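Reader: I'd like to go through this model with you before I set anything up. Could you take me through it, beginning with the terms you use?

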Amino acid sequence: KAMAQADISSSTHWNNRASYNPAFIARPDYLYLFSDARRQWMGIDGAPVVYNIQVSEYIHNLSSAFGLSLVTDKIGATRAINPMFTYAFRIAKQSNWALSMGLSTGLFIRTINGSLFEPDNPGDPSLFYNYKKTTKPDFNAGVEFQSTHFIYGISSTHLFSLRKTDS
């Protein structure tokens with residue numbers, strides 16, 4: 001049995017580590033704001049459209065950061081919406097390194113609108129012609145080590161949201 005997942009793919013996505021590692025938001029000294037909009041293949045129906053908004057702030061006396069994010073991804077007849085709340089804790093025993101651990105929780109909402117399909121063979125039984133919405137809990141986890149010159153991290157996204165059931 002194989003299961004696969006694909007996240008949004010845009011060049012600025014890689015500049016926003018908070019999208020794939022919740023530990024990243026434990027950054028002291030500033031309010032973190034990020035937004036990104038991407039429209040690919042302008043003028044083509046069903047072309048990919050992605051919006052990504054992130055906001056977080058570190059609170060020194062708690063050694064913690066709190067954040068909110070919203071990612072929407074529309075491609076053809078499918079749409080994914082992913083609102084998340086993020087928490088990260090930072091351990092900094094020295095001024096030249098820190099270890100952060102983060103968790104995100106929220107929803108992963110996926111819709112498919114089969115009425116948008118324009119098949120060559122109308123009535124093809126292998127195509128889905130209805131509207132379907134699936135909402136599942138979502139969970140991300142990550143750890144990040146920051147030194148003066150390097151950043152190392154490990155994380156996983158959508159830990160529970162994309163599990164396939166037999167129904």
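Author: Let me start with a term: a residue counts as buried when its relative accessible area is under 20%, as exposed when that area is over 50%, and as partly exposed in between. Please keep in mind throughout that this is a predicted model.

Reader: Fine. Which residues of the pair R27 and E144 are buried, then?

Author: R27 is buried, and E144 is buried as well. For E144 the relative accessible area is 2%, which is under the 20% cut-off, so E144 counts as buried.

Reader: And what do the side chains of R27 and E144 do?

Author: They meet in a salt bridge, with 2.9 Å from N to O. Because R27 lies in the segment before strand 1 while E144 lies in strand 6, this pair ties together parts that are 117 residues apart in sequence.

Reader: How many salt bridges does the structure hold?

Author: The structure holds two salt bridges. R17 sits in the segment before strand 1 (31-39) and E144 in strand 6 (residues 131-147), so here the parts tied together are 127 residues apart in sequence.

Reader: Is R17 buried or exposed, or something in between?

Author: R17 is partly exposed, since its relative accessible area is 22%. R17, R27 and E144 are linked in a network of salt bridges.

Reader: How much of the protein counts as buried, and what about its accessible surface?

Author: Of its 167 residues, 34% count as buried. The accessible surface comes to about 10800 Å², and 59% of that belongs to carbon and sulfur atoms. Among contacts with a separation of 6 or more, 51% are between residues 24 or more positions apart.

Reader: Which residues make up the largest nonpolar core?

Author: That core has nine residues, namely A18, F24, I25, A26, Y32, F34, Y58, A65 and A88. In soluble globular proteins, nonpolar side chains tend to be buried together.

Reader: Take Y32; what is it in contact with, leaving aside neighbours within four places in sequence?

Author: With those neighbours left aside, Y32 is in contact with N15, N16, A18, F24, Q54, V55 and S56. Of these, A18 and F24 are also listed in the largest nonpolar core, together with Y32.

Terms used. Residues are numbered from 1 along each chain as its sequence is written. This is a predicted model: local features need pLDDT of at least 70, side-chain atom pairs count only at pLDDT 80 or more; totals for chains, interfaces and linings use all residues. Side-chain values use heavy atoms; hydrogens and water are left out. Buried means under 20% relative accessible area, exposed over 50%, partly exposed in between (1.4 Å probe, protein chains only). Contact means heavy atoms within 4.5 Å. Accessible areas come from the Shrake-Rupley method with a 1.4 Å probe; for residues, only the protein chains shown count as cover. A salt bridge is a side-chain nitrogen of Lys or Arg within 4 Å of a carboxyl oxygen of Asp or Glu. Helices (H or I, at least four residues) and strands (E, at least two) are DSSP runs, numbered from the N terminus. A nonpolar core is a set of buried Ala, Val, Leu, Ile, Met, Phe, Trp, Tyr and Cys residues joined through side-chain atoms within 4.5 Å.
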